[in-house]
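Hi everyone, thanks for making time for this.

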Amino acid sequence: MATYARPVERLITELSRLPSIGPKSAQRIAFHVVRGRPEEAYGLAEALKEVKDRIRPCKRCFNLTEEEECEICRDSRRDAAVICAVEDPYDIGSIERTGEYRGLYHVLGGSLSPLDGIEPEDLRIAELVERVKGEGTEEIVVATNPNTTGEATAMYIAQEVQELGVRVTVLASGLPVGGDLEYADEVTLGRAFAGRRQL
Amino acid sequence: MSPHIRALRLVNFRNYADATVLLSPGLNVIVGDNAQGKTNLLEAVSFAATGSTPRTSTESEVVRWPAEFARTEMRVVLGDGARGDERAVAVGYAPGQRKRLTVDDVPAESLSSYAAGGAGVRTVTFFPDDLRIVKGAPSDRREYLDGLLSTLRPSYARAVAEYARAVQQRNQLLRRIRDGLSSGKTLQTWDTKVVDLGTRVLQGRAAAVGPLGDFFGSAMRALYGSEKAGMGYSYSAPLEGYCEALTEARDADVERGTTSVGPHRDDLELLLGGMDLTTYGSQGQQRLATLALKFAAREYVRDATGEDPVLLFDDVMSELDGRRREYLAEYFQESTQAVISTTNLEYFEEELLSRSRVIRISGGEISSPADSSGKRDV
């Protein structure tokens with residue numbers, strides 16, 4: 001026998017499917033919805049529906065968009081000679097918030113991982129190569145995650161575009177800015193040390 | 001003086017509900033009958049100092065049944081005790097949860113980084129099961145070497161872990177190629193990654209084997225006799241030709257679905273008068289070689305950090321003859337701090353015991369002359 005009425009149970013079950021939401025959080029959110037005003041719940045339901053109905057990948061860079069091409073690809077002020085390759089669309093947000101980058105993006109859709117059965121064909125690497133050929137790209141900045149699979153993906157991309165005369169760079173890794181050296185973990189600090197530069 | 005432990009409290013650790021033990025610099029002897037908790041106490045010292053147990057891979061075993069958590073608290077004396085520089089280091093552990101490590105009540109990332117920064121203790125442990133380092137498979141010897149280097153250099157620990165992951169990925173790719181699930185276009189990429197990380201592991205090991213072998217040699221000279229002992233490193237692929245060897249092995253690797261060359265296939269050779277101790281050593285020689293490996297580890301740590309690690313040796317005396325027992329007792333007495341367990345106090349000379357701390361254990365209760373009042377000041 002279920003503890004709560006069936007619709008409540010269903011909501012809890014659906015919520016607990018979401019990433020980083022466990023059964024306890026799911027229950028708390030469900031009861032918040034049950035207690036809250038109807039408009040709020042309908043607003044959430046509508047937002048969920050809208051996102052599934054209207055959002056699709058940009059046909060050029062595979063960022064998420066409502067149009068054929070995303071806002072960044074359509075922005076003529078951006079430097080089309082540079083493409084930053086990222087694993088997921090939300091990585092774009094992180095880089096955009098730096099305000100340092102004015103080029104375009106390319107969403108790979110993950111990283112190479114034989115253990116998870118992810119091959120180059122499962123990522124948008126061929127599409128990236130096509131873009132480089134067609135758009136006269138001068139530089140690819142590979143901003144995959146700094147772990148084994150992310151680094152292997154960067155190496156594979158470099159190898160794939162080797163003959164196209166495009167520069168391939170990766171992000172530096174090192175210390176968080178504004179923090180104390182004391183609090184850096186030893187691996188990050190070790191890497192920062194290995195990558196030190198002359199003043 | 002190197003850092004050492006002044007006091008230790010165990011809560012719900014193995015057979016200890018709540019026990020406190022005071023330790024002295026130099027020799028500490030834990031004495032008790034079989035199955036009273038001597039080994040558990042040694043394990044607890046190591047757990048308190050490093051945040052993990054050297055004894056078992058299923059760590060949840062350390063929690064006393066039916067408790068839900070185990071906790072160790074220790075007081076570490078840094079530098080000259082006269083200055084009174086003492087740290088409180090605590091490890092809280094509930095199976096399935098992240099360990100809670102604190103130094104003076106401030107959460108700590110890892111205890112090895114504190115030890116690296118000179119605010120903790122390093123340990124060298126000996127348990128009878130360690131005989132497998134000499135007798136067992138190459139993986140046991142690699143583990144000895146990697147474990148030692150990892151505690152000294154976090155970047156080495158990271159390279160070892162990442163190398164293992166890269167090899168796993170490559171192995172899976174090999175199987176996918178064999179089974180027709182992958183075109184193998186990324187094999188070159190994974191080969192490069194594997195070689196890059198594997199080279200770092202090989203370089204770390206290559207730099208260590210020379211000095212470690214010398215320390216092993218002098219320890220064997222003291223423990224065994226004049227015959228020359230040393231270490232060799234047996235490469236599945238030499239450092240210079242590593243990349244070529246991996247490329248050459250490709251077809252065979254695809255067929256087998258596993259990576260056949262690299263540091264994960266190497267062996268550390270232990271030699272006595274040119275003879276391989278693993279294959280040809282007598283039981284007695286292998287036992288002494290195990291001890292010599294631990295002594296060599298101590299010297300290596302001392303050489304690398306300038307600090308003497310705390311020695312935790314379980315039931316080391318019973319297998320030895322009188323002359324060697326005497327040598328070991330002096331060896332421990334002269335170290336910064338050693339905690340040794342035994343069933344028989346007669347293995348130690350009266351005079352030596354008078355300069356040492358004796359800790360008696362019976363059924364999970366600890367008593368020693370200096371704290372027989374049972375005071376709990378941890």
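This is a predicted model: local features need pLDDT of at least 70, side-chain atom pairs count only at pLDDT 80 or more; totals for chains, interfaces and linings use all residues.

A:Val51, A:Ile55 and A:Leu64 make a nonpolar patch of about 240 Å². A:Ile55 sits in the loop that runs between helix 3 (38–54) and strand 1 (56–57) of chain A. With 34% relative accessibility, A:Ile55 counts as partly exposed.

One more from chain A: A:Asp91. You'll find A:Asp91 in helix 5 (residues 89–98) of chain A. Is A:Asp91 buried or exposed? Buried, with a relative accessible area of 14%.

Over to chain B and its strands. Strand 1 (residues 4–13) and strand 2 of chain B run antiparallel, joined by six bridges. Together they form a hairpin with two residues between the strands, and B:Arg14 in the turn has a positive phi of about 50 degrees. If you want a pair to click on, B:Leu8 has B:Val21 in strand 2 of chain B as its bridge partner. Strand 2 (residues 16–22) of chain B is mostly covered, with five of its seven residues buried.

Further along chain B there's an open sheet of three strands, in the order 9-10-11, with antiparallel pairing. Why is one side of strand 9 (229–234) and of strand 11 (275–276) of chain B left without a neighbour in the sheet? Because those two stand at the edges, each with a single partner strand. Strand 9 of chain B pairs with strand 10 (residues 267–272) of chain B over six bridges, and B:Gly230 stands opposite B:Leu271 in strand 10 of chain B.

Last topic: charges. Over all chains, the structure holds 45 salt bridges, and I'll pick out a few.

In chain A, A:Arg37 bridges to A:Glu40, with 3.4 Å between the closest N and O atoms. A:Glu40 is partly exposed, at 42% relative accessible area.

In chain B, B:Arg132 and B:Asp140 form a salt bridge, closest N and O atoms 2.9 Å apart. B:Asp140 is in helix 4 (residues 138–152) of chain B. B:Asp140 counts as buried at 15% relative accessibility, while B:Arg132 counts as partly exposed at 28%.

Then there's B:Glu162 with B:Arg158, a salt bridge at 2.9 Å, N to O. Both residues lie in helix 5 (residues 154–178) of chain B, four residues apart, so about one turn of the helix. B:Glu162 is buried, with a relative accessible area of 3%, whereas B:Arg158 counts as partly exposed at 29%.

How values were computed:
Residues are numbered from 1 along each chain as its sequence is written. Chains are lettered from A and ligands numbered from 1 in the order in which they are written. Side-chain values use heavy atoms; hydrogens and water are left out. Patches are made of residues with over 30% relative accessible area and no salt bridge: like charges are joined within 9 Å, nonpolar side chains (Val, Leu, Ile, Met, Phe, Trp, Tyr) within 5 Å. Accessible areas come from the Shrake-Rupley method with a 1.4 Å probe; for residues, only the protein chains shown count as cover. A salt bridge is a side-chain nitrogen of Lys or Arg within 4 Å of a carboxyl oxygen of Asp or Glu. Buried means under 20% relative accessible area, exposed over 50%, partly exposed in between (1.4 Å probe, protein chains only). Two strands pair if DSSP finds at least two bridges between them.
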